[in-house]
Amino acid sequence: MDRTSFDPANIIGQAHLNFLFQASMLLNDFVPTPKNALVLLIYALLTACSPQNEAQPEPSAELKWQQDSQRGLYTVSIEPGNGRIPIGEFHEWVISLQDNNGNPVTASRITMSGGMPSHGHGLPSQPEVTEHLGQGRHRIEGVRFNMAGSWVLDFRVMSPVGPDQVQFKIELSF
Ligand SMILES: [Cu+2]
């Protein structure tokens, strides 16, 4: 390993390059001496314990999914109620409906189902739409995901606009 072939970005990440540059300047060179190896080992231990390496929920702005329903009657968006998806805990989602003119639609009925097709199981709970929140938004209670991975969420919508359905494919990591 020498300075040209050593690529710290692949191993540790861009955010920690400063530290490595400082460390290599302190040591004058990045040659694999026992002393350098010790510095890298200590650094690896420090970063392994730092909070930024813990699983963090994604920013809420990214936790929103939107697509058109199968027959094209609605634009549907879904998002977790608190901007995060806690694994193994019951929590709320919000589903929003718009018609083709961009007007909010209040559903008379929405049912939710889903699961993990690759695992052959459904949702571990039976979520229910419990409340109209106004502006085409509806509260879904009783959502729970018991593992990370690829989930599908199916919604059947009934309203004066007509019956339609939509399937979201979402990837959860925790
Ligand atoms: Cu599964």
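Reader: Which residue of S5 stands opposite Met 116?

Author: This is a predicted model, in which local features need pLDDT of at least 70, side-chain atom pairs count only at pLDDT 80 or more, and totals for chains, interfaces and linings use all residues. Residues are numbered from 1 along each chain as its sequence is written. Strands here are DSSP runs of E with at least two residues, numbered from the N terminus, and two strands pair if DSSP finds at least two bridges between them. Strand S4 (residues 109–116) and S5 run antiparallel and are joined by two bridges; opposite Met 116 in S5 stands His 121.

Reader: Which strands are the edges of the open sheet?

Author: The open sheet consists of four strands in the order S5-S4-S8-S9, with antiparallel pairing. An edge strand here pairs on one side only, and this applies to strand S5 (121–122) and strand S9 (164–172).

Reader: What is the bridge partner of Gln 66 in S2?

Author: Strand S1 (residues 65–68) runs antiparallel to S2, and four bridges join them. Their hairpin has six residues between the strands, and Gly 72 takes a positive phi near 80 degrees there. The partner of Gln 66 in S2 is Ser 77.

Reader: Which residues have the most contacts inside the largest nonpolar core?

Author: A nonpolar core is a set of buried Ala, Val, Leu, Ile, Met, Phe, Trp, Tyr and Cys residues joined through C-beta atoms within 7 Å. The largest one has 17 residues, and strands S2 (75–80), S3 (91–98), S7 (137–143) and S8 (149–158) each give two or more residues to this core. Those with the most contacts inside the core are Tyr 74, Val 76, Ile 95, Leu 97, Ile 140 and Phe 155.

Reader: Is Asp 99 buried or partly exposed?

Author: Asp 99 lies in the loop between S3 and S4. A residue is buried if 20 or more other C-beta atoms, placed from the backbone, lie within 10 Å of its own, exposed if 12 or fewer, and partly exposed in between. Because Asp 99 has 16 other C-beta atoms within 10 Å, Asp 99 is partly exposed.
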